[in-house]
Amino acid sequence: MNSTKHYARDDFDSLLNILHQRRTWPIQCAICDMPHGLPPNSGRELVFLETTESSADNPRYACSLVFEPPELLLGNPRHEIDVLPVVFTVIGQIAPEDCFLTTTGDTRTPRQDHIQDRPLASCWLESRPDRDSCLEWRQLSMAIEHVVSIAEHPLNTSRVVRFVPNEHAVQLRVRFCPEEGELDDTLPLMKLGPPNTQLVPASLSEVPFNQPLRASFTLEYIHEGDEWYLFADLITLTDI
């Protein structure tokens, strides 16, 4: 069975642009039968596969793109790929409610997450106030459901998508949990500019609310209790 892979840092850095183009899609593309314009019989398939961090006690599955047959990047056999985790993107802003996107993170006990023993930052994203953004965000829940439909297990999406009472607006939760270290030196919130600078809010007063941001994230699910829960794991959050 295929599984998502880890690549050597030098190899990964030399191919960032190519991999970004191959596996990065706006989340709304997921509502298409052939995401990102993939042609029929293209030899590519969107599936959930076990990750390299998965175990019998803690199974984890990531939404991935399978290449059949494997592809050579730049014609180099050292860079053969057969599967990549899909990185989804969305443009919106940080909602002020339930925001834990700081160096302190979510300190609630217990918190609404299967990760309890490591630092965890999270927030809910929502549409920008303009009409085009609102229309685009209306497709988000449908896109998530389309991705969910390819999973082998019935998924609970309550920790990824919610609707704002009385407004019927949809919000998307993204989270970040470092494998090692603390949030103050790992939280992937970047402020773009010449040169790039990293913004790591120490408190909610420093969180860039009401600002247009682009989030990139993977979709993974885990087993907790009697249910399988879908999560959006944050990779980057940048201003635009």
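## Aromatic pairs

Rings of Phe, Tyr and Trp count as a pair if their centres lie within 6.5 Å. This model is predicted. By that rule the count comes to five aromatic pairs. Ring pairs link Phe48, Tyr61, Tyr221 and Trp228 into a cluster.

Take Tyr61 and Tyr221. Their rings are stacked, with 4.9 Å centre to centre and 15° between the planes. Planes under 30 degrees apart count as stacked. Tyr61 lies in strand S3 (residues 60-72) and Tyr221 in strand S12 (residues 213-224), so this pair ties together parts that are 160 residues apart in sequence. Both Tyr61 and Tyr221 are buried.

Now take Tyr61 and Trp228. This pair is edge-to-face, with 5.9 Å centre to centre and 70° between the planes. Trp228 lies in strand S13 (residues 227-239) and Tyr61 in strand S3, so the pair ties together parts that are 167 residues apart in sequence. Are Tyr61 and Trp228 buried or exposed? Buried means under 20% relative accessible area. Tyr61 has 12%, so Tyr61 is buried. Trp228 has 14%, so Trp228 is buried too.

## The chain as a whole

The protein chain has four helices and 13 strands. Of its 240 residues, 48% are buried. The chain exposes about 12700 Å², and carbon and sulfur atoms supply 50% of that area.

Contacts can also be sorted by separation along the sequence. Among contacts in the chain with a separation of 6 or more, 65% are between residues 24 or more positions apart.

## A buried glycine

Gly92 lies in strand S5 (residues 87-94). Its relative accessible area is 4%, so Gly92 is buried.

Which residues does Gly92 touch, not counting residues up to four places away in sequence? They are Glu126, Arg128, Trp137, Gln211, Pro212 and Leu213. Look at Glu126. Gly92 and Glu126 are 34 residues apart in sequence, and their C-alpha atoms are 5.5 Å apart in space.

## Two positive phi angles

Most residues other than glycine have a negative phi. Asp98 has a positive value, near 55°. Asp98 lies in the loop between S5 and strand S6 (121-126). Its relative accessible area is 36%, so Asp98 is partly exposed.

Asn210 also has a positive phi, near 65°. Its place is in the loop between strand S11 (197-198) and S12. Is Asn210 buried or exposed? Exposed means over 50% relative accessible area. Asn210 has 55%, so Asn210 counts as exposed.

## The second largest pocket

About 300 Å³ of space lies in the second largest pocket. It is lined by 16 residues, and the closest to its centre are Val164, Glu167, His168, Ala169 and Val170. Which elements give two or more residues to this lining? They are helix H3 (131-137), strand S8 (161-163) and strand S9 (170-176).

What classes of residue make up the lining? Seven residues are nonpolar, four are polar and five are charged.

Key. Residues are numbered from 1 along each chain as its sequence is written. This is a predicted model: local features need pLDDT of at least 70, side-chain atom pairs count only at pLDDT 80 or more; totals for chains, interfaces and linings use all residues. Side-chain values use heavy atoms; hydrogens and water are left out. On a 1 Å grid over the protein atoms alone, a cavity is a set of points where a 1.4 Å probe fits but cannot get out, and a pocket is an open set with protein on both sides within 12 Å along at least five of seven lines; lining residues have an atom within 4 Å of a point. Grid points are joined across faces, edges and corners, and a volume is the space filled by probe spheres set on the points. Ala, Val, Leu, Ile, Met, Phe, Trp, Tyr, Cys and Pro count as nonpolar, Asp, Glu, Lys and Arg as charged, and the others, Gly among them, as polar. Buried means under 20% relative accessible area, exposed over 50%, partly exposed in between (1.4 Å probe, protein chains only). Contact means heavy atoms within 4.5 Å. Accessible areas come from the Shrake-Rupley method with a 1.4 Å probe; for residues, only the protein chains shown count as cover. Rings of Phe, Tyr and Trp (its six-membered ring) pair if their centres lie within 6.5 Å; planes under 30 degrees apart count as stacked, over 60 as edge-to-face and the rest as tilted.
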